[in-house]
Amino acid sequence: MNTIFCPLFKKEVDAIWYIEITDVANGLIKKRVLPDCILRIKNFKEICRNCPNREDDSDAINPLWRHGCYKPLMRIKYIGHLDNVHLTKNKLYEVIRIEEGWFRILNDAGEVEKYPPFLFEVYDFFG
């Protein structure tokens, strides 16, 4: 697993936290994905934007993801029938991580969200 020093956490963190915090700072995803300890820092977006580890991430896909620094766990296929979940039936999605038994994925709206596993079938695993 790749790690990066984060001035917000004041320690090395898993690369996914870098991805989520920079995406929130850029307005790409909602801040509800971040832990309370980060949300309590009044100027966390400014600290993030001035981070010395930050690359040019003006694209919708974060540079760590784009350059293969963070590897997904598996691919899953959406088989659910829910409306307004920003998922396309039969489309494959990469699982970023599993939290409390739910899959965290990048949905069609460009937001990293958690979804229950019964909405998917496992397509394949990454080694």
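## Rings, cores and confidence

F120 is buried, with a relative accessible area of 7%. Here, buried means under 20% relative accessible area, exposed means over 50%, and partly exposed lies in between, using a 1.4 Å probe and protein chains only. Y115 is buried too, at 8%.

This is a predicted model, where local features need pLDDT of at least 70 and side-chain atom pairs count only at pLDDT 80 or more, while totals for chains, interfaces and linings use all residues. Residues are numbered from 1 along each chain as its sequence is written, and side-chain values use heavy atoms, leaving out hydrogens and water.

Back to those two residues: how do Y115 and F120 pair up? Their ring centres sit 6.2 Å apart with the planes at 70°, so the pair is edge-to-face. For rings of Phe, Tyr and Trp (its six-membered ring), a pair needs centres within 6.5 Å; planes under 30 degrees apart are stacked, over 60 edge-to-face, and the rest tilted. The structure has 3 aromatic pairs, and one aromatic cluster is made up of Y78, F103, Y115 and F120.

Now for helix α1, residues 15-25: 10 of its 11 residues are buried, so the helix is largely enclosed by the rest of the structure. Among them are I16, Y18, I19 and V24. After α1 comes G27, with a positive phi near 80°. Helices (H or I, at least four residues) and strands (E, at least two) are DSSP runs, numbered from the N terminus.

The largest nonpolar core has 16 residues, and L8, I21, V24, L34, I38 and F44 touch the most other members. Such a core is a set of buried Ala, Val, Leu, Ile, Met, Phe, Trp, Tyr and Cys residues joined through side-chain atoms within 4.5 Å. Its largest share, 5 residues, comes from α1. Apart from this core lies another one of 12 residues, including L87, V95, Y115 and L119.

How far can you trust the picture? pLDDT is the predictor's confidence in each residue, from 0 to 100. The chain averages 79, and 83% of the residues score at least 70.

| Element | Residues | Mean pLDDT |
|---|---|---|
| helix α4 (lowest) | residues 63-66 | 48 |
| strand β3 (highest) | residues 74-78 | 93 |

Over residues 57-63, pLDDT stays under 50. Where pLDDT is low, the predicted coordinates should not be read in detail.

Conventions:
Contact means heavy atoms within 4.5 Å.
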